[in-house]
Amino acid sequence: MSNNRGKKWFHFGWHPAEEDLLLFLDGEASERQAAKVRAHLESCWACRNQRDKLDRAIATFMDYCAAWATDASALPPRASLQFAERLRLAASTQPKPSLIRRWAETLRWQSAERRISAVATACLLLVAALGLILLRADRPVSAQELLRRTTQAETLRLSRVVEPVVYRKVLVKRAGVSEPVVLESWNDTERKRFRRRVADGQGLRFLRADEKDAPAIIAELEQIFRANRLDPLRPLSAAAFAEWRQAIKTKAETVAAIGDELKLTTVAASPYTVNAIAEAALIVRKRDWHPVALELRVQAEDGLRDYELSETAYEVLPSQALAVFTDSPLAPTPVLSPAPKVSPPPAFVAASPEPTLAAPSRAALQAAEVAALYALHQAQADLGEQIEVVVEDGRQVVVRGLVQTSERKEELAQSLRRIALVTPQLLTVEEAIRQAQRAANPPAANETALAMSENVVAGGQAAAAAPPFQQKLIEHFGGRKGMTEAERQEVNRQVTQFYNAVEADASAALAEAWALRRLQERFASTTGAELDAASRQRLEEMVGNHLSRLRRRSRNLQARLRPLLITLAGDAPAGSSVIEPTRQARILAAFRAVEQVSHLTDQLIAGETAASLPQTARALLTELTRLDATLATLEKN
């Protein structure tokens, strides 16, 4: 029985001519023509019969030729005439299609070819997609490979910068301790210099090597690191972790993928001495093999203690770009914020093409300095970038510092070159290193967003290790027992979004407060009469922009934190009625309030005991209220 579907697919009105059949039988037809004839013969009885006739005729002719060559007397009579007659009859029975019919059949054949080609292309694309999925699928990573890749990546980052200084900001916590500590460190690996700064309940301060007032948790960790032959100057080092791992007898070890991170957990075999690490977990970011957290379980005299070190910022810079190893204060971390709405700048006075020997007046230098600050302000280069404006030798204003890219350098230089008496001396990080006759790459951008675990809520309830504030936040967003997986993921997303938004607003507010304070301190002793009208206008506009953006960040923090803080504190504290008498004092008060808000926010998010949570919430509410009142007074006056 024939296949009707195949007949419909290849059913054509076209029939091969006699010469087409002969070429097909002789094997001299092209591959395409042979396929066409073969497909037609499968569905056409008449053409198959014609092919068989031609086949038999050819066979008879070949027999005749063979007999002629062997014995001429054995040849059949009139064979040649019979063969010619058969060929003539075959030609006469073949219909001749019209030109239009041939054209239509050609189009049908081409359509069939396109359908076949489309199916083949789809199959190839499917195979390619499957191959890509298999290639991108995460393969298991062993502990040794994870440590090797992380160590190589760390070495590569340091090798790209000459005289590298590793800046790292780490949040240090211990389970059961009410107050976490923010630890910042600057490690100059080549010159063997090290500097630390901590933020705890006693405030923000630098630690010296001979100081005894280091936070207790920092002192504990230093003892633990030394007892386990680890380097306290490199707490998140993969190489140090590998050395500890090789020095112990391992009981168990696992590598688990958690979102975009890998967690290597190593459990040491017992027994444990005091300060011995019983279990350690190094968490590494997969995309660049960078360690972002370290979890330790340590044997103490009263049992096991859990410590957690979470990195919130990391950067590698050449030492010549920093002044941290002196006693000068450190500028805040740069924070990008939306461009302010500012009026077009007053036209700058073009620099005279001919140099003059006379020194410029003090008023001219102050006007040039204000113009340079205003240009940087418009480009948002006054929010933490390492740029300073100084008056040099009483003759010119120099703008020097480091920027990340050549595009940023050119953007700032173009706006500064138009100002008389101003000389830009900006360098990219690469150029600064080339001046030292070495090559370098720009450092990686700080990661200011708070890194949150993928598993904020597990098993339908708050994770056991979640701090009290995080548990309250989970409940605020609808977390409860018996949640579905989709509901759990939605709560995780909202909690993470809340943390990142609060951290971004607090960091941006601190950057604005720093810029406002620097402006106030620089021109505090300058009277209005010493500045021209354009300079006074620019100063007022810069201060107004900083205040406006700071007020917006303060309102964001109020809107996000206040409902939760009131719930935790029990009631809203009374607002402070103390208003500083002078504008300079009010700006300084606003700066201190922002600094306290940033510190208390970090403390609240990092983890508090249930007993101290209300006290911290009341303190943060008080500072937010004080900041809002101070900013309102500054905007009115």
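Strand β10 and strand β11 (residues 396-403) pair in the antiparallel sense over 6 bridges; strands here are DSSP runs of E with at least two residues, helices are runs of H or I with at least four, and both are numbered from the N terminus. Two strands count as paired if DSSP finds at least two bridges between them. Within this pair, Glu392 stands opposite Gln396 in β11. The model is a predicted one, in which local features need pLDDT of at least 70, side-chain atom pairs count only at pLDDT 80 or more, and totals for chains, interfaces and linings use all residues. Residues are numbered from 1 along each chain as its sequence is written, and side-chain values use heavy atoms, with hydrogens and water left out.

The pair β10 and β11 belongs to an open sheet of 3 strands in the order β10-β11-β12, with mixed pairing. Because β10 (387-392) and β12 (422-428) are the edge strands and have a single partner strand each, one side of each is left without a neighbour in the sheet. The twist from one strand to the next averages 15°. Two helices lie across β10, β11 and β12: α10 runs at about 170° to β10, and α11 (residues 406-417) runs at about 180° to β12. Such angles run from 0 to 180 degrees between N-to-C directions, with axes taken as lines fitted to C-alpha atoms, for helices over the stretch in contact.

What is the size of the largest nonpolar core? It has 42 residues, and those with the most contacts inside it are Leu376, Ile387, Val399, Leu412, Leu416 and Val422. Helix α10 (residues 362-378) gives the most to this core, with 9 residues. A nonpolar core is a set of buried Ala, Val, Leu, Ile, Met, Phe, Trp, Tyr and Cys residues joined through side-chain atoms within 4.5 Å, where buried means under 20% relative accessible area (exposed is over 50%, partly exposed in between; 1.4 Å probe, protein chains only). Leaving aside neighbours within four places in sequence, Leu376 is in contact (heavy atoms within 4.5 Å) with Ala381, Asp382, Ile387, Val389, Val399, Leu412 and Leu416. Another core, of 35 residues, lies apart from this one and includes Leu207, Ile224, Val284 and Tyr307.

A second open sheet has 9 strands in the order β4-β3-β2-β1-β9-β8-β7-β6-β5, with antiparallel pairing. At its edges are β4 (203-207) and β5 (250-258), each pairing on one side only. Neighbouring strands of this sheet are turned by 15° against each other on average, direction ignored. Strands β1 (residues 164-174) and β2 (residues 181-188) pair over 8 bridges in the antiparallel sense, with Leu171 opposite Val182 in β2. Helix α7 packs on the sheet, touching β1, β5, β6 (261-268), β7 (277-285), β8 (290-300) and β9 (303-318), and its direction makes about 120° with that of β6. Helix α9 also packs on the sheet, touching β5, β6, β7 and β8, at about 150° to the direction of β7.

These two helices also meet each other: the axes of α7 (residues 143-159) and α9 (residues 238-247) come within 8 Å and cross at roughly 145°. The residues in this contact include Leu147 and Glu154 of α7 and Phe241 and Arg245 of α9.

Taken as a whole, the chain has 17 helices and 14 strands. Of its 637 residues, 42% count as buried.
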